[in-house]
Every structure is written in C-alpha cells, then in structure tokens.
Amino acid sequence: MTSVNPPTRDGLAAAGADNKAIMRRASFRARKILLSLAALGAAASIAGLGTFATFTSSTSTSNTIASGTLSLTAPFSRLGTGASPIAPGDTMQRALDLSYSGTISFASATLTTSASPSSLLDTDGTNGLQIAIDKCSQAWTEAGPPYTYTCGGSISTVLATRALIGSAIALSNLTLTAGSTDHLRVTLTFPSGADNTFQNKSSTVSYTFSGSQRAATDQ
Amino acid sequence: MRIRSRRPWCERPSLRRGAAVLGSALAAFVVTSLAVAGFTASRTGGPMSVTTKRIFSGPRSTYPGDLRDASSGAAANKTDQLDYDDATPAVTGAWASAFSASRFYQIDFNSPRPGGLPTSSVNFNIKYASKGGGGSGNACIYKIEVRRASNDSLLGTLDHSASPLCSTGTTYRVVNEDISAYVTSTDIANDLRIKVFGYETGAKAWNIEYATVTGTSYSSWTLFEATVTDQSTGAATTTTWALANAEGTGAGATIYTDTNNWPSANPSTSRYLQFTFDHADLPAGAVVQSVTLKNVWRDSAAPGNGGTLCNYFDVYNGATLVESHGGNTQATALSCNNSATTWQTDTVNLTNVDTVAEANSMTIKVYYWIAPLCGGGQNPSCVKSVTDQMQATFTYYLD
C-alpha cells in the first residue's frame with residue numbers, strides 16, 4: 001500500500017524546477033529533429049538539381065470526371081386519352097413507352113397516381129377503377145380508338161391489378177437500363193360489381209412514374 | 001502556488017464524449033444524405049378523364065295503367081282508377097267525421113325508375129272530393145305520411161292538422177304536395193308509400209280521381225299505384241292493380257277478366273284488349289337495347305270439345321303499327337290455351353321498339369279468338385280471357 005503525503009512548499013519548488021528541465025529537454029529534441037529534416041531536405045534538393053541539370057522529363061495527366069444523367073421520358077403515351085361514358089365491366093387500355101434516356105441506369109421505378117377532380121370512381125378501392133400494367137417485349141400493336149393492344153412478343157406483368165390510386169407503387173419487370181425503352185400497356189378496369197351509385201361520376205387521373213439511380217459503383 | 005498542468009482537449013473525458021456524439025451524428029447524416037441524395041427522375045402522364053354513364057344499362061319493368069276492353073267490339077275504359085283524370089274515380093269506404101289515427105288511405109307505387117339517380121320536383125298529386133250522398137260533407141286531408149313501402153319506415157310527414165285540406169262537398173280539390181325533401185333518389189321513388197289520413201265531415205266516402213307521384217331525373221316521370229290499402233273505415237281492404245303482378249291465384253282483385261266472350265273461329269280487328277304503357281318515361285337520349293313484353297293469361301273457362309283460346313298482338317306507337325306477333329289462325333297464333341287453370345305466359349321481344357319515342361308511348365292490342373270455333377251444338381264453348389299480368393321491360397342506358 002502506498003501512502004500519499006501533501007507536497008510541501010520546498011517540494012513544490014523542486015517539482016517546478018523538474019518541469020522546466022523536462023520542457024527544455026523536449027524543446028531541444030524537437031529542434032534537433034527539425035534541423036535533421038532541414039539537412040535532409042537540402043541534400044535532396046541539391047541532388048535533384050544535379051539530376052535535373054543533366055536529363056529533363058515531365059508527364060501531364062488530365063483526369064476529366066463528369067457526372068451522368070438520369071432521365072425518364074415517355075416518347076409515346078396514350079395516357080391523356082380519356083374515356084366517357086363508361087359502364088361497369090368496361091376496360092380502358094392505354095399504351096405508354098417509358099424510356100430511360102439518360103446515361104445512368106435505374107435501380108427501380110414506382111408509380112404514383114392521383115385524381116383531381118376526384119369521385120367515387122377513384123375513392124372506392126373495391127368497385128372503383130382498378131389498374132394493371134403489362135409490358136410487351138416489343139412495341140404494342142394498337143387498334144382503335146377505342147384503343148386496344150396486342151403484343152407480338154412476350155408479355156410480362158409490371159403491376160398486378162389493384163386499386164387505381166396509390167403512392168410510390170412498386171413496378172416490376174422493367175428494363176431500367178440507360179438507353180432502353182419499356183413498352184407498357186396501362187389497363188383500367190371498371191368492375192362489374194359497381195352499382196348505381198357510380199352513375200354519372202367523373203375523375204381525372206394523373207400518373208407519375210418515378211425512378212432512382214442504380215447503386216453506386218467504382219468508376 | 002498550485003500549478004495545474006494543461007491537458008490536451010482530447011484527454012479530457014467530457015470533451016471526448018461530446019466529440020464522440022457529434023461525430024456519430026455527423027457520420028449518420030453523411031450516410032443518410034448519400035442514400036437519399038442519389039439521382040431521381042420522374043415522368044407524369046395524363047391527365048386522363050374518366051366519366052361514367054348517367055344511367056347504367058339495366059332492365060326497368062312497368063305495367064300499363066291504361067286498359068281498354070274492346071271484347072264487345074267497342075272499347076270500354078277499364079283503366080286503373082287512380083292513374084288518370086278520366087272521370088273514373090276510385091271510391092273509398094266511409095270515413096269518420098273527424099281525424100282518426102286508424103283511418104287512412106295508403107298507396108304503394110310502382111318501381112319503373114332506374115336506381116341510383118337523384119330526383120327533383122317530386123310531388124304527390126291527388127284529386128279528391130266527397131262522394132256525396134245524404135248527409136255528406138267535405139273530404140279533408142289531415143296529414144300525409146311519406147314512407148318506404150318495403151319496411152314502412154317513415155320518411156316525412158306533411159302535417160295539415162292545423163288547417164286540413166278540404167274539398168267543397170263533391171267538388172274536387174287538387175293537392176300537389178312537394179315531397180322532394182323525402183324522396184331524394186329514384187331508389188326511394190321505387191320503394192314509395194303514401195299514407196293519407198283524412199275524414200269526411202259527414203262521415204261519408206271519398207272519390208279519388210287520381211293519386212300519382214311525379215318527379216324528374218333527367219326527364220319527368222310518373223308513378224302509378226301498385227297496391228292500395230283502404231282503411232278509411234278503420235278496417236283495411238287491400239287491392240292490387242290487376243295487371244301489376246302475376247299472382248297466379250286467379251283471385252278477383254288480382255286479375256282482369258274481359259267483359260265479353262271472344263269471337264269464334266277468327267279474330268276480329270275490332271275486338272281486342274288494349275294496353276298502353278304511357279309512363280315508361282325513358283329520358284331523351286336513352287339508348288333502347290331491348291323491350292320485352294310479358295302477358296300472363298288463361299281462359300275464363302275451358303272451351304271443351306277441342307276448342308282453345310288463341311291470340312296474337314300488335315304493337316303501336318300512337319296510331320302507327322310498329323310490329324305484330326302471331327297470326328290470325330290457330331296454326332300461326334302467338335299462343336293458344338284451352339285451360340281455365342293453367343296460365344299461359346307469352347314473353348316476346350319487341351325488336352322494333354328501339355327508340356325512346358316508341359318506348360314511351362307503346363300500345364299493345366291483343367286479339368283473342370276461340371279456335372277452331374265456338375258456340376252451338378257440340379262445339380267448344382265461347383269464353384273470355386283472364387289476364388294476370390301485362391308487363392313491359394325496357395332495357396336501356398343513358399350516356
């Protein structure tokens with residue numbers, strides 16, 4: 001067991017003298033290190049000058065870094081074509097080409113729909129309008145109006161049938177690759193179970209397709 | 001003098017903890033910002049306007065209020081007494097001389113309107129007076145109740161107890177009561193009951209020239225009675241318009257038996273039953289998809305001896321012949337029936353009735369005759385027809 005006694009006045013003075021000695025020694029070491037570095041630097045400079053005086057060579061590298069673009073366009077769209085008057089059981093098909101026209105591919109895409117003016121047609125999730133989206137591996141063949149579409153290639157489901165209105169609805173099976181285009185067919189269905197309360201209703205629907213960039217990679 | 005050594009900030013515990021927290025927050029912010037801040041793009045399509053039809057396609061059935069019996073060769077008015085202002089009033093029982101909560105005249109109306117439509121200008125229209133007779137007074141309406149026919153629920157009351165609506169003796173009074181506040185949709189109009197509480201100051205009967213409900217849903221329409229419960233005496237008597245339903249019972253109040261035997265061997269163009277569907281009330285612009293006529297009938301008695309009652313019918317739009325169904329021989333007749341118990345149901349599509357105008361003023365003339373002949377010797381008996389139901393179903397929509 002170690003006992004600790006309070007320091008005396010003489011003891012404090014002695015301790016102060018010790019601290020000053022330590023600081024002087026540290027300062028002296030620092031000065032020695034700096035002088036050594038200066039000497040090495042001077043030697044290296046002299047050697048370099050001597051070399052430069054004999055042979056010369058240089059290289060200039062220009063490294064341009066530019067960010068890419070992420071762009072979603074719809075070069076062809078029938079989504080602005082309305083339908084009136086519709087009855088229960090009716091379907092409305094509208095084609096849309098969704099192009100990933102930037103230089104950066106997408107990681108995912110979503111759909112947000114809204115209605116203004118709104119009515120029972122879009123507020124009733126069961127008997128109101130339902131939406132489904134299909135993708136054709138090539139451009140849809142259009143007939144009409146009223147528009148209907150057939151696919152000469154293969155069809156995949158982008159969005160299974162669901163209530164029309166939704167926010168950030170995940171879309172599947174899209175190409176998403178920069179420079180590519182997905183040929184989509186949006187189908188709205190007015191369920192046959194809609195009763196007379198749906199008569200003389202009107203809704204105007206807007207569709208917003210959104211996408212976010214691919215994951216970051218080493219470039 | 002105490003000398004405190006100056007320690008670097010990184011060796012102070014409190015500052016070290018603060019720095020750690022700050023660093024963590026900064027790191028989290030940077031990570032989150034990087035996750036959210038990537039590129040995004042969006043594209044908006046539409047707007048796409050979608051509007052539904054004003055009236056969805058569907059069948060709407062009704063029956064004729066106007067019936068003319070020309071079985072004798074001269075047309076007699078056998079119209080529903082409550083439907084028209086035609087000097088053929090319905091006669092009630094004897095009322096009390098003052099209001100009684102147990103005395104009323106109740107009318108259930110037909111249901112021909114497409115459902116789900118808003119209504120406006122809905123009125124209950126009644127023309128009534130004292131039937132007269134010794135000691136008679138004035139026919140007075142004390143209050144009118146508007147109810148749902150299906151469950152008798154009360155929609156509203158038009159209370160005239162403070163100042164009853166009275167006729168002056170046998171002089172008719174016309175009352176048009178606005179019931180728009182209670183009948184706000186065709187769903188209610190199709191399920192409507194009006195209950196009139198009244199009295200006759202001399203405790204006598206009323207004449208009711210007509211009692212209808214009119215309104216508007218894209219076009220004006222009129223409802224006719226389907227069933228009446230006359231409880232003016234305090235005891236209820238219920239009758240249904242003979243042509244309204246196919247009860248199949250043959251009970252007197254549910255059928256119409258023509259007044260004369262039908263001709264022998266051949267139909268006569270002057271001997272027929274005429275049914276007018278003057279209140280189908282299809283709105284202008286409606287698209288008529290189909291019209292079907294149903295006639296449920298039998299013989300008043302079996303003709304016997306190989307005889308049978310046959311018929312064919314013509315469809316008119318006003319005076320214009322639209323189409324005919326069946327011929328004037330037993331072989332070509334629309335149908336024949338030799339039974340007084342088995343009902344014959346003829347259901348015929350009226351393909352030429354394809355406009356609103358034709359649907360809204362459709363008249364049917366049914367010609368009956370006994371084949372091969374009737375009357376005399378061992379021949380079949382000449383008989384009448386009994387009609388249980390005459391119904392037209394209009395399938396249409398309105399864009």
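Me: Which residue is the bridge partner of Arg68(B) in S18(B)?

Reply: Gln274(B). This is a predicted model, and that pair belongs to the pairing of strand S3 (residues 66-69) of chain B with S18(B), which is antiparallel over four bridges.

Me: What about the two faces of S18(B), which residues are on the covered one and which on the uncovered one?

Reply: Strand S18 (residues 273-277) of chain B has Leu273(B), Phe275(B) and Phe277(B) on its covered face. Gln274(B) and Thr276(B) make up the uncovered face.

Me: Why would they alternate like that?

Reply: In a regular strand, side chains alternate between the two faces of the sheet.

Me: How many bridges join S18(B) to S24(B)?

Reply: Five, and the two strands run antiparallel. Within S24(B), Thr363(B) is the residue opposite Thr276(B).

Me: Take Ala359(B). What is it in contact with?

Reply: Leaving aside neighbours within four places in sequence, Ala359(B) is in contact with Ala280(B), Leu282(B), Val288(B), Val291(B), Val353(B) and Phe394(B).

Me: Back to the domains. How many residues of domain 1 of chain B are in contact with domain 2 of chain B?

Reply: Eleven residues of domain 1 are in contact with eleven residues of domain 2. On the domain 1 side, S2(B) supplies the largest share, three residues. By class, that side has six nonpolar, three polar and two charged residues.

Me: What separates the centres of those two domains?

Reply: 31 Å, taken over C-alpha atoms.

Me: Different topic, the two chains. How many residues of chain B are in contact with chain A?

Reply: 26 residues of chain B, in contact with 41 residues of chain A. S1(B) gives 13 residues, the largest share of the chain B side. That side divides into ten nonpolar, twelve polar and four charged residues.

Me: Which strand of chain A does S1(B) pair with over ten bridges?

Reply: S11(A), in the antiparallel sense. One of the bridge pairs is Thr204(A) with Ser49(B).

Me: Ser210(A) is in S11(A) too. What does Ser210(A) touch?

Reply: Strand S11 of chain A covers residues 202-213, and Ser210(A) lies in it. Not counting residues up to four places away in sequence, Ser210(A) touches Ala109(A), Thr110(A) and Thr112(A) in chain A, and Thr40(B) and Ser42(B) in chain B.

Me: Why does Ser210(A) count as partly exposed?

Reply: Because Ser210(A) has 18 C-beta neighbours inside 10 Å, and partly exposed falls between the limits of 20 or more for buried and 12 or fewer for exposed.

Me: How far apart are Ser210(A) and Thr91(A)?

Reply: 25 Å in space, C-alpha to C-alpha, and 119 residues in sequence.

Me: What does the secondary structure of chain A come to?

Reply: Two helices and eleven strands. From the N terminus on, the order is α-β-β-β-β-α-β-β-β-β-β-β-β.

Me: How much of chain A is buried?

Reply: Buried residues are 24% of the 219 residues in chain A. As for contacts in chain A between residues at least 6 apart in sequence, 78% join residues at least 24 apart.

Me: What strand order does the open sheet of five strands in chain A have?

Reply: S1-S3-S10-S5-S8, with antiparallel pairing. S1 (72-77) and S8 (155-163) of chain A are at the edges with a single partner strand each, so one side of each has no neighbour in the sheet. From one strand to the next the twist averages 25°.

Me: How many bridges join S5(A) to S8(A)?

Reply: Six, between S8(A) and strand S5 (residues 130-136) of chain A. Ile133(A) has Leu159(A) as its bridge partner there.

Notes: Residues are numbered from 1 along each chain as its sequence is written. Chains are lettered from A and ligands numbered from 1 in the order in which they are written. This is a predicted model: local features need pLDDT of at least 70, side-chain atom pairs count only at pLDDT 80 or more; totals for chains, interfaces and linings use all residues. Two residues are in contact if their C-beta atoms, placed from the backbone, lie within 7 Å. Ala, Val, Leu, Ile, Met, Phe, Trp, Tyr, Cys and Pro count as nonpolar, Asp, Glu, Lys and Arg as charged, and the others, Gly among them, as polar. Two strands pair if DSSP finds at least two bridges between them. Domain bounds come from an automatic or database domain assignment. Axes are lines fitted to C-alpha atoms, for helices over the stretch in contact, and angles run from 0 to 180 degrees between N-to-C directions.
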